[in-house]
Amino acid sequence: MKTIKNLLLTGIGVASLALTGCGDKKENIVAQKGNSALELEKHADSLNKLKSIDSIALNEHISIKITKDGFKQYNNGLLIREVNNQEKDALNEITDYFYNNKNQKIKSIDSFKYEDEKTGEEKIKKTDSTFYEYNDKGQLIKTEIFGGVIGVEYNGKQINFHQTTFYKYNEKGNKIEEITDENGAMWVDKYEYNEKGKLIKEEETFPNGEKFYSLFPNDFAKIVINDKNSDGLIDEVKEGK
C-alpha cells in the first residue's frame, strides 16, 4: 500500500507527464532541449519540498500527521485514528480512539486490515478493545482490555485475553500504585517521590514473586536492584537504562 507521500509523489509524476505531452510536438522538443536543466531543477525542488511535509490539514477540524510507519488522524486536536501500514505485504494495524464530552479518552479499538483469500476483498478485523475510567479529578483510575483468544480450556472452552489495571495517586497527583490483573496473573508497581514530587524509587513485583527496585538518585542515573526470590536478599545490582 502506498503512503500518502508516495501517492502525492506519484501525482506529481503523472501531472509532469501530462504537461509534457501537451501542445505541438516540435515546441515540446525545443522546450525540452532549451529548458531541460531548469525543469529538472524545479522538479527536484518540488520533490524535496513534498518530502518535507509531515502534516496535512483537510479542513478546520481534521488534520493528518504523517509518521514513519503510516499516519495519525486528529479531530480538533484529539487523536482519533492511528494507522501503521508501511511494511510491504504486512497487516495494516489500525487503532481508533473515542472520547467523552470532557475530551477524556474512554475507549480504543485495535483492528487490522487483511485481504480475504477467497474473495480478494479488503476486510477489517477487530482484535482488542480498551476502556478507560477516571475519577472526579480527571485522573485515570482504571483500564480494561478485552482481547482475542489466547488458549483453550480442558473442556474446549476458549480463553480470551483480559487485562484490568487500577491506578492510585497521592495528594499531589503523583501515581503511587499500579495493579494489573492479566488473566489471573498479578503485577504490582509502586512509586515513591521526594518532597519536590520527583520520582526516586519504583518497585515492581511480578506474578512469580520476583521483584525489581529502580532507584533514581538524580536526573541522570538509574539503579536497578533485583530480588529474584522476594526473600529480602538482593541478587543483582546494575545500571538502568
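These exercises work through strand pairing, a surface patch and aromatic pairs in a predicted model.

**Exercise 1.** Determine how strand β13 is paired with strands β12 and β14.

*Solution.* Start with β12 (residues 199-205) and β13 (residues 211-218): they run antiparallel and are joined by 5 bridges. Within this pairing, Glu-203 has Tyr-213 as its bridge partner in β13. The two strands form a hairpin with 5 residues between them, and Gly-209 in the turn has a positive phi of about 95 degrees.

Next take β14 (residues 221-227), which runs antiparallel to β13 and is joined to it by 6 bridges. Here Leu-215 stands opposite Ile-223. β13 and β14 also form a hairpin, with 2 residues between them.

**Exercise 2.** Which residues make the nonpolar surface patch of about 250 Å², and is Val-237 buried or exposed?

*Solution.* The patch is made by Ile-223, Ile-234 and Val-237. Val-237 lies in strand β15 (residues 236-239). Exposed means over 50% relative accessible area. Val-237 has 57% relative accessibility, so Val-237 counts as exposed.

**Exercise 3.** Classify the ring pairs Phe-112 with Tyr-114 and Phe-131 with Phe-146.

*Solution.* A pair of aromatic rings is described by the distance of the centres and the angle of the planes. The search of the whole structure finds 3 aromatic pairs. For Phe-112 and Tyr-114, the centres are 5.8 Å apart and the planes are at 50 degrees, so this pair is tilted. For Phe-131 and Phe-146, the centres are 6.0 Å apart and the planes are at 80 degrees, so this pair is edge-to-face. Phe-131 is in strand β7 (residues 122-134) and Phe-146 in strand β8 (residues 140-152), 15 residues apart.

How values were computed. Residues are numbered from 1 along each chain as its sequence is written. This is a predicted model: local features need pLDDT of at least 70, side-chain atom pairs count only at pLDDT 80 or more; totals for chains, interfaces and linings use all residues. Side-chain values use heavy atoms; hydrogens and water are left out. Two strands pair if DSSP finds at least two bridges between them. Helices (H or I, at least four residues) and strands (E, at least two) are DSSP runs, numbered from the N terminus. Patches are made of residues with over 30% relative accessible area and no salt bridge: like charges are joined within 9 Å, nonpolar side chains (Val, Leu, Ile, Met, Phe, Trp, Tyr) within 5 Å. Accessible areas come from the Shrake-Rupley method with a 1.4 Å probe; for residues, only the protein chains shown count as cover. A salt bridge is a side-chain nitrogen of Lys or Arg within 4 Å of a carboxyl oxygen of Asp or Glu. Buried means under 20% relative accessible area, exposed over 50%, partly exposed in between (1.4 Å probe, protein chains only). Rings of Phe, Tyr and Trp (its six-membered ring) pair if their centres lie within 6.5 Å; planes under 30 degrees apart count as stacked, over 60 as edge-to-face and the rest as tilted.
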